[in-house]
Amino acid sequence: MAAKTHRNAEPPAVLSTRALNRATLDRQLLLRRSPMSARNAITHLVGLQAQNTKPPYFQLYARLADFDPEELSALMESREAVRIVSLRSTLHTHTADDALTLGPLVRAPRDRELKTFRRGLEGVDLDRLAAVTEEFVEERPRPLGELREELLTHWPDADPLALSVAARCLRPLVQVTPRGLWGRSGQVTLTTVEQWLGRSAGSAPALTLDDTVLRYLGAFGPASVMDFQSWAGLTRTKEVFERLRPGLLTFRDERGVELFDLPDAPRPDPETPAPPRFLPEFDNVLLGHADRTRVIPEVNKGRNGKGNQTYGSVLVDGFLDALWRVDREGGTAILTVQPLRRPSRAERTEITEEAARMLTVMTDATDHDVRFGTFLDFED
């Protein structure tokens with residue numbers, strides 16, 4: 001994807017937080033649901049957060065018209081989409097092409113993670129560890145426990161966790177199905193991405209760091225250099241933006257930070273209505289920027305979770321304004337919404353209607369119950 005030379009016209013010098021919110025929601029398919037396919041949405045969004053197995057499905061439900069969870073599940077089964085460690089050294093669901101080509105571009109976070117486990121890897125030849133891992137998991141997909149035990153036979157004095165981390169940092173490993181399929185489960189079982197897909201990175205369209213920046217702006221922009229680096233887990237990418245600058249527009253946010261954007265990307269009127277959206281505990285739009293105030297108000301920073309537990313987020317008027325979770329009582333799915341401020345009567349109605357629609361599609365419950373209440377005490 002090559003940037004065109006474009007004369008910087010006279011755009012607004014400053015984009016307000018609300019203007020950034022509406023632009024980002026539009027690119028993230030959250031301002032209105034898109035008719036695009038699940039595969040095209042995953043490509044457009046440059047992957048989906050996938051630390052847990054269900055969030056990718058809820059991310060697509062929030063973004064796509066008439067989404068059926070089986071559509072993503074079918075992509076996983078046909079190996080057109082995979083679960084793999086990539087951006088920020090975290091699990092993502094990517095298309096097969098992106099899984100092959102994006103990984104090498106964002107290897108730096110995996111290298112940093114590997115260094116944090118170096119004490120547990122004393123005496124371990126990392127090149128040999130990579131080779132042993134590759135041979136073992138390509139013979140057949142291996143449960144994580146089996147891989148760890150195999151590595152311990154070669155390095156019995158090493159830390160077991162460090163060996164496991166090193167294996168996935170050194171080789172691009174996918175979590176094979178049935179792990180990640182809708183309505184099914186399976187333990188973490190690994191093989192190399194090339195083995196699982198039956199092809200090499202050279203078979204996918206070439207992807208450069210410049211291409212990745214442009215795709216990021218298309219899905220998350222307008223954005224700063226630091227925003228991109230936070231999303232990708234990279235450092236020292238300012239020269240990439242400088243190389244691309246002639247083909248981009250530039251703005252400033254209300255704090256004076258320079259923002260870059262694609263010339264033809266949508267930047268809606270800040271007063272464009274934004275309907276309520278239920279996002280899973282991990283979602284692209286919540287993690288895609290260094291400065292997240294365009295979606296998470298300062299007053300609610302850090303309030304979509306507590307300790308190691310993260311909850312679903314509800315966007316109201318485009319901003320994080322409530323939390324949610326679903327419990328089951330027999331055949332009834334009970335969705336509890338915990339507002340972070342008192343919603344208006346109209347907002348409560350819109351939230352309730354959106355919650356009921358989601359429960360209909362995203363659960364197999366015969367009955368649904370939407371409640372407003374408290375399940376997380378921030379005072380503890």
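## The loop between H3 and H4

Asp66 lies in the loop between H3 and H4. Helices here are DSSP runs (H or I, at least four residues), strands are runs of E with at least two, and both are numbered from the N terminus. Phi of Asp66 is near 55°, a positive value in a residue other than glycine. Is Asp66 buried or exposed? Asp66 is exposed, at 78% relative accessibility. The cut-offs are these: buried is under 20% relative accessible area, exposed is over 50%, and partly exposed lies in between (1.4 Å probe, protein chains only).

This is a predicted model, in which local features need pLDDT of at least 70, side-chain atom pairs count only at pLDDT 80 or more, and totals for chains, interfaces and linings use all residues. Residues are numbered from 1 along each chain as its sequence is written, and side-chain values use heavy atoms, with hydrogens and water left out.

## How H3 and H4 pack

Two packed helices are described by the angle between their axes and the distance between the axes. Helix H3 covers residues 55-63 and helix H4 covers residues 69-77. Their angle is about 130°, and their axes are 9 Å apart. Axes are lines fitted to C-alpha atoms, for helices over the stretch in contact, and angles run from 0 to 180 degrees between N-to-C directions. H3 and H4 are therefore oblique to each other. Angles under 35 degrees count as roughly parallel, over 145 as roughly antiparallel, 65 to 115 as roughly perpendicular, and the rest as oblique.

Which residues make the contact? H3 supplies Pro56, Tyr57 and Leu60, while H4 supplies Pro69, Leu72, Ser73 and Met76. Contact means heavy atoms within 4.5 Å. Of the residues in this contact, six are nonpolar, one is polar and none is charged. In this scheme Ala, Val, Leu, Ile, Met, Phe, Trp, Tyr, Cys and Pro count as nonpolar, Asp, Glu, Lys and Arg as charged, and the others, Gly among them, as polar.

Leu25 lies in helix H1. With 1% relative accessibility, Leu25 is buried. Leaving out residues up to four places away in sequence, Leu25 touches Leu30, Leu31, Ala274, Leu315 and Gly318. Leu25 and Phe319 are 294 residues apart along the chain, yet their C-alpha atoms are separated by 9.7 Å.

Leu29 sits in the loop between helix H1 (17-27) and helix H2 (38-44). Its phi is near 65°, again positive in a residue other than glycine. Leu29 is buried, at 8% relative accessible area.

## One face of H8

Which residues of helix H8 (residues 144-154) are buried? They are Leu147, Leu151 and Leu152. Seen down the axis of H8, its buried residues fall within an arc of 135°, so they line one face of the helix. The arc is that of the directions from the helix axis to the C-beta atoms. These buried residues pack against helix H7 (126-139), strand E4 (142-143), helix H9 (160-170), E5 and E6.

Gln175 is found in strand E5. Gln175 is buried, with a relative accessible area of 10%. Setting aside neighbours within four places in sequence, Gln175 is in contact with Arg83, Leu91, Val188, Thr189 and Leu190.

Pro178 lies in the loop between strand E5 (173-175) and strand E6 (189-192). A cis peptide bond joins Thr177 to Pro178, with omega about 15°.

## Another cis bond

The peptide bond from Gly221 to Pro222 is also cis, and omega is near -10°. Pro222 lies in the loop between helix H11 (209-220) and helix H12 (225-232).
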